[in-house]
Amino acid sequence: MKIILVGGGKVGTALARQLSEEGHNVTVVDTNKARVEHLTESYDVLGIVGNGSSITTLSEAGIEDADVFIAVTGSDELNLLCCMFAKKAGHCHGIARVRNPSYSHELDFIKKQIGISAIINPEMAAAKEISHLLRFPGASKIDTFADGRVRLIKFALPDALDGVAIREIPTRLKSDILVCAVERDGGVIIPNGNFVLQKGDQVTFLATQEKAHAFFQQLHLPVQPVRNALIVGGGAIAYYLSQELLENHVRVRIVERDAARCVELAEQLPGAQILNEDGSNREFLLSEGLESTEAFVALTNIDEENVLLTLFAKKHSNGKLVTKVNRLEFDDILAGLDLGSVVYPKYMTCDYIVQYVRALQNEAGNNIKTLYRILDDRVEALEFTVHEESAATGVPLSQLHLKKNLLLCCITRGSKILIPRGGDQIQVGDNVIVVTLEHGLHDLRDIVEH
Amino acid sequence: MNYAIVFRLLGYVLMIEGALLLLPAAASLVYGEWMVLGVFLLTAAVSAGIGYALHTIKPRSKVFYMREGFAATSLCWVFISVMGAVPFVLTGCIPNPVDALFETVSGFTTTGASILPGVEDLPKGILFWRSFTHWIGGMGVLVFLLSLLPLTGGSHVNLMKAESPGPQVDKLVPKVQSTAKILYGIYFALTMLELVFLLIGRMPLFEALLTAFGTAGTGGFGFRNDSFGSFSPYIQWVVTIFMILFGVNFNAYFLLLMRKFRRAAASEEVRGYFVVIAVAVGIITANIYSMYNSFGVALRQAAFQVGSIITTTGFSSCDFDLWPTLSKEILVMLMFIGACAGSTGGGIKVSRFLILGKTLVKELKTALHPQVVAPARMDGKLLNHETIRTTNVFIAAYIFIFAASFFLISLNGFDMVTNFTAVAATLNNIGPGLEMAGPMQNFGCFADPAKLVLIFDMLAGRLEIFPMLVLFMPDTWRRF
């Protein structure tokens, strides 16, 4: 597909890489010449220096026959304007990033009036993810499938499961969960039943919410939602997160160093306690109950500060720790630090767009409904909707030659959720969840070895 | 809140109270009151025992933050009052526990309001304990604790801040412990000095001790039914002068000790304090001259009463309820002004009135010239906004508490002057009010619920309201 990408910042760069690797023809537009040059040198994309909202530039980029138009510049208004012009000039799907909280209630209206296919608010998405984590604090990462009915949950292996083979888990803990992926020593394994878990493993499993709950209870991991949270950094994520938490009767304290922003927050969030202080003031954090908080969320704009704050909080508190990290470069280092949950808003933006593009690609065929790239981009979890008969449907799973390093995790059929066994078949109308090490699966057909 | 460290501190305080209870026990021993001696020893043992048990709690973090400082201060005052009331009940001197608590709180908060109609028949040990609570409460239990314990970390100044009166609490020297020691040193030395002067006036040692305790803490429990009416003019003058001295900001004494006479004399608050006393004594002397027909007597009576009321001591050398209305009104106004910040006295404090006056002048200037930059200053330094704000909020809280108490007390069914002055006398830690709460009356006539309200007022007045109100904030009690 032909994709025009306006904005070559962090998200733009990640998208350019990802989309070009998946075989799309990507044209990047940015006003910064150096940036464009860097992108064209690093990835197999075409670069154009210019203003993304000018028709001249857009024609130069080939807007007439573009399929997808993505606007991820730093300015919301510019993104919307680009998409609007692109829509008028060509026949493409527009995707815009809009972050300003004052638009957050008006997204539907904007979408309809301007004719944009999708609007992404990464801060709101990040806040939703953090809020999920705080409601189920035993997990370090949660992704949802099947409209939230099925969850992909990552957690650090507790001592109780050290040396246990995966096929023993259902009998031992009377829990119906499916282990999908294990991170060990910097690598990822999609395990079979004989795989023996070890201390230090990061385990990702798939289950419904109730079953995950029961499983964690068996393991004596925390399952009750946190009742209070200390948030450092009062940006947009903090605002969305606090709104979400306050609705769920969680008491919220926000530490923000900018006095004017504090007044704004105090006005917008009357239920939260806003504290005006530098979040890196150790004494202050301790005096405000860091030791007794049930959740500590580091959301400042500086990644290094967030990491340090979380490490400091880990030393003093037994609560749930969440760290926001903007830059994607050092994710492997962070994974080694045991920071609790790390949230990458930029990853989420990127994931969403890639997922959208893949779904567009095969509109008639078997759609990808949801896509998550888990475990630092090395594993993908996909949800397909089965629209038509194919090689993968109507055959008992035991006779299906699935690709290597691919696990068929779950079939949702109507309101039923099946953990698939050898005798089960995929039928038209099902939703199928697959976890794989292979990138770029587009269709359910691709899961079968040809 | 870090409960462990608060309980640990309460443990220390109760152990100290156990030790202090040995002094009245000694008094009972001297006078051969065996039953009272037993009660004091038993209470001391129980107090020390509970204290020891609490002090063994090991807190995870040993740091006092504002929250713990406030909570520890107010809880500590409640605990010592409850423990201090035990001897009154056990000896049968005050059988009703609420009355006993009232008497003890009145003692520790240096109010000096009594529910006892007659005190001359009380055992000596009990009389000693009553007056001794004034001395303990005057400078503060926690300040005493801080002077004893080699506590490390800067956070303990939060305890001193919560307990010491005044809009600004400054350390005299860099270390909290040294500051507390200096304060108690000055306090002890002045008490001794008064004791010497009283003994020179041929006052018996026991009575001289009780007088010194009552004056030093600006408390006001009498040990004769007519308070100081029947003492010699010399004794009355000594007491008058020392009451006024104990109402002076102790920082001034520290500056005198450091031979910084000019700075000590430059304190606007101390100057204002003496001006108010001089003006009040002058007017009242003129007003009551006709009652006594002697300038000397009128001056002495006026000075004694003014000194007693403005420092919130509450001794009396005559029944001032019989004075002309003008004089009584001046005394009621003095009740609210109170002593200097950083003294042992209560009331709103002279410095707060100075701050309010200066803010008013500043606002008037701003009204005339909206662009003017005219910051208020005190003692040559600019008053920061924070101080002005807390002073204003303090006054507002004071008025709310006063109004609420006034209403609750009026349910008791007494007249307005009684109710008004009863609240004023307890919230300002003075002791006697007017009419049924007057100097020759007592608070025994109030019903128990009214007494509980007054007990709260005494504690709120002594701790300057915020620590007591903080107890009612749910945030104080949450771990996070």
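How many residues does the contact take from chain B, and how many from chain A? The contact takes six residues from chain B and eight residues from chain A, where two residues are in contact if their C-beta atoms, placed from the backbone, lie within 7 Å. On the side of chain B that touches chain A, three residues are nonpolar, one is polar and two are charged. For these classes, Ala, Val, Leu, Ile, Met, Phe, Trp, Tyr, Cys and Pro count as nonpolar, Asp, Glu, Lys and Arg as charged, and the others, Gly among them, as polar.

Before going on, the ground rules. This is a predicted model, in which local features need pLDDT of at least 70, side-chain atom pairs count only at pLDDT 80 or more, and totals for chains, interfaces and linings use all residues. Residues are numbered from 1 along each chain as its sequence is written, while chains are lettered from A and ligands numbered from 1 in the order in which they are written.

Chain A, then. Chain A has 14 helices and 22 strands; helices (H or I, at least four residues) and strands (E, at least two) are DSSP runs, numbered from the N terminus. The radius of gyration of chain A is 23 Å, close to the 22 Å from the globule rule for 450 residues, so chain A is as compact as a globular protein of that length. That radius is taken over C-alpha atoms, and the rule is 2.2 Å times the number of residues to the power 0.38. Along the principal axes, the C-alpha atoms of chain A fill a box of roughly 65 × 60 × 40 Å.

Now the sheets of chain A. One is an open sheet of six strands with parallel pairing, in the order β3-β2-β1-β4-β5-β6; two strands pair if DSSP finds at least two bridges between them. At the edges are β3 (46-49) and β6 (118-120) of chain A, each pairing on one side only. Neighbouring strands of this sheet are turned by 15° against each other on average, direction ignored. Strand β2 (residues 25-30) of chain A pairs with β3(A) in the parallel sense over four bridges, and A:Val28 stands opposite A:Gly47 in β3(A).

Two helices belong in this picture. Helix α1 (residues 10-21) of chain A packs on the sheet and touches β1 (2-6), β2 and β4 (68-71) of chain A, its direction making about 165° with that of β2(A). Axes here are lines fitted to C-alpha atoms, for helices over the stretch in contact, and angles run from 0 to 180 degrees between N-to-C directions. Helix α4 (residues 76-89) of chain A lies across β1, β4 and β5 (93-97) of chain A, at about 175° to β5(A).

The other sheet is open and antiparallel, with five strands of chain A in the order β7-β8-β11-β9-β10. Its edge strands are β7 (141-145) and β10 (187-189) of chain A. Here neighbouring strands are turned by 20° against each other on average, direction ignored. Strand β9 (residues 178-184) of chain A pairs with β10(A) in the antiparallel sense over three bridges, and A:Arg184 has A:Gly187 in β10(A) as its bridge partner. Helix α8 (residues 209-218) of chain A lies across β8 (150-156) and β11 (202-208) of chain A, running at about 130° to β11(A).

On to chain B. Its secondary structure comes to 22 helices and two strands. With 480 residues, a compact globule would have a radius of gyration near 23 Å, and the 22 Å of chain B agrees. The C-alpha trace of chain B spans about 65 × 60 × 50 Å along its principal axes.

Which way do the helices of chain B pack? Helix α14 (residues 268-292) and α15(B) pack at about 135°, with their axes 8 Å apart. They are therefore oblique to each other; angles under 35 degrees count as roughly parallel, over 145 as roughly antiparallel, 65 to 115 as roughly perpendicular and the rest as oblique. By class, the contact of α14(B) with α15(B) has 16 nonpolar, three polar and no charged residues.

Helix α15 (residues 295-310) of chain B also packs with helix α16 (residues 325-337) of chain B, at about 35° with axes 8 Å apart. That contact has seven nonpolar residues, one polar and no charged.

Last, helix α18 (residues 385-410) and helix α20 (residues 448-462) of chain B have axes that come within 9 Å and cross at roughly 160°. These two helices, α18(B) and α20(B), are therefore roughly antiparallel. B:Ile401, B:Ser405, B:Leu408 and B:Ile409 in α18(B) meet B:Ala450, B:Val453, B:Asp457 and B:Ala460 in α20(B). Six of the residues in this contact are nonpolar, one is polar and one is charged.
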